Amino acid sequence: MDQYAVFGFPIGHSKSPLIHQQFAEKTEQLLNYQAVEVRPEAFDEAIADFFQTNGKGLNCTVPLKELAFEIVDQLTERAQFSGAVNTIKKMNDGSLLGDNTDGVGLLSDLCDNLGLSLEGKRLLVLGAGGAARGILGPLLEANPSILWLANRTVSKAQVMKELFAPIGYIHSSSYEDLAGQQFDVIINATSASLTGELPPLAKGLLAEKGVCYDLAYSQEPTAFVRWGEEQGAALSTDGLGMLVEQAAHAFKLWRGVMPDTSLIRAGLRG
Ligand code: ATR
């Protein structure tokens with residue numbers, strides 16, 4: 001049977017095996033998908049073993065996405081811009097193709113599932129680390145009127161601005177420099193939420209009927225989702241939908257069929 005897996009560390013609470021087994025059932029594909037704990041120092045060996053023994057495709061999660069970027073033979077353009085790979089496909093000639101489906105997964109959740117259009121909207125992304133880098137390309141391609149990137153370490157936001165200049169203009173600043181601005185959509189790409197922290201965000205940043213989206217997800221509302229609710233957001237949500245959508249795009253790359261994600265999203269939340 002064709003083998004698929006997600007490698008990461010830690011990996012115990014990964015929802016990916018459940019998601020991909022459900023995709024497989026719904027699209028009547030015969031495959032096996034497992035979560036495997038792999039430490040960064042064991043990554044090279046683990047990946048070689050996996051693809052030598054029926055491995056057809058692999059997801060990589062924290063902290064392996066940058067290592068995966070280094071190890072593959074070819075990259076899709078979006079993976080190249082992301083500097084990270086979350087999906088690897090073994091091609092017919094045995095070579096490994098690296099892709100990044102995080103950004104397109106976010107766009108699918110925002111636009112297809114939540115019914116938002118980003119065209120002409122004022123977007124703010126918080127954080128300029130790996131998670132932000134994975135989504136900036138697709139966000140720029142959605143034609144917002146402004147894409148503003150704020151980060152605690154301003155120099156990192158500046159680096160992103162330069163990196164993405166071939167795709168579009170990003171305005172970069174500190175959190176303090178956001179004073180007086182207003183945004184229709186605020187996306188949290190910092191890792192602060194996971195530890196219950198928030199960047200220092202002034203009141204009034206979110207426009208009326210604005211939307212807040214946290215790339216992180218958890219059983220309880222994250223600190224950023226709660227912040228959005230306090231600001232009167234029309235919608236303040238975590239990134240569970242993005243998790244399912246990035247998985248669906250990986251599944252499509254591997255199996256050539258796009259699974260229906262609606263029932264799975266409802267099931268995971270319950
Ligand atoms: P990830 O892959 O999750 O993006 P990362 O590359 O380590 O992880 O980046 C973490 C991001 O969260 C960074 O933008 C970081 O800000 P700095 O670049 O200034 O370090 C941001 N971050 C983490 N904790 C934060 C906090 N308590 N307040 C504000 N930003 C925080």
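Tutor: Let us begin with a pair of helices, α1 (16-26) and α10 (residues 262-269). They pack at an angle of about 145°, with their axes 11 Å apart. This is a predicted model, in which local features need pLDDT of at least 70, side-chain atom pairs count only at pLDDT 80 or more, and totals for chains, interfaces and linings use all residues. Residues are numbered from 1 along each chain as its sequence is written, and side-chain values use heavy atoms, with hydrogens and water left out.

Student: What makes a stretch a helix or a strand, and what is meant by an axis?

Tutor: Helices (H or I, at least four residues) and strands (E, at least two) are DSSP runs, numbered from the N terminus. Axes are lines fitted to C-alpha atoms, for helices over the stretch in contact, and angles run from 0 to 180 degrees between N-to-C directions.

Student: Which residues of α1 and α10 meet, and what counts as contact?

Tutor: Contact means heavy atoms within 4.5 Å. On the α1 side, Leu18, Ile19, Gln22, Phe23 and Lys26 meet Leu263, Ile264 and Leu268 of α10. By class, this contact has 6 nonpolar, 1 polar and 1 charged residues. Here Ala, Val, Leu, Ile, Met, Phe, Trp, Tyr, Cys and Pro count as nonpolar, Asp, Glu, Lys and Arg as charged, and the others, Gly among them, as polar.

Student: Is glutamate 176 buried or exposed, and how do you know?

Tutor: Its relative accessibility is 57%, so glutamate 176 counts as exposed. The residue lies in the loop between β9 (171-173) and β10.

Student: Why is alanine 202 called partly exposed?

Tutor: Alanine 202 has a relative accessible area of 41%, which places this residue in the partly exposed class. Its place is in the loop between β10 and β11.

Student: What makes lysine 209 exposed, and what is its phi?

Tutor: Lysine 209 has a relative accessible area of 70%, and is therefore exposed. The residue lies in strand β11.

Student: Where does asparagine 54 lie, and what is its phi?

Tutor: Asparagine 54 lies in the loop between α2 (43-52) and β3. Its phi is positive, about 70°, although the residue is not a glycine. With a relative accessible area of 44%, asparagine 54 is partly exposed.

Student: What makes a group of residues a nonpolar core?

Tutor: A nonpolar core is a set of buried Ala, Val, Leu, Ile, Met, Phe, Trp, Tyr and Cys residues joined through side-chain atoms within 4.5 Å. The largest one here has 27 residues, of which Leu106, Val125, Leu139 and Ile187 touch the most other members. Among the elements that each supply at least two residues of this core are α5 (102-113), β7 (122-126) and α6 (130-141). Helix α6 gives the most, with 5 residues. Not counting residues up to four places away in sequence, leucine 139 touches Leu106, Leu107, Leu118, Leu123, Val125, Pro144, Leu147 and Ile187.

Student: Which residues of α8 are buried, and what covers them?

Tutor: In α8 (residues 223-230), the buried residues are Ala223, Phe224, Val225, Trp227 and Gly228. Their cover includes β7, β10, β11 and β12 (235-237).

Conventions
Buried means under 20% relative accessible area, exposed over 50%, partly exposed in between (1.4 Å probe, protein chains only).
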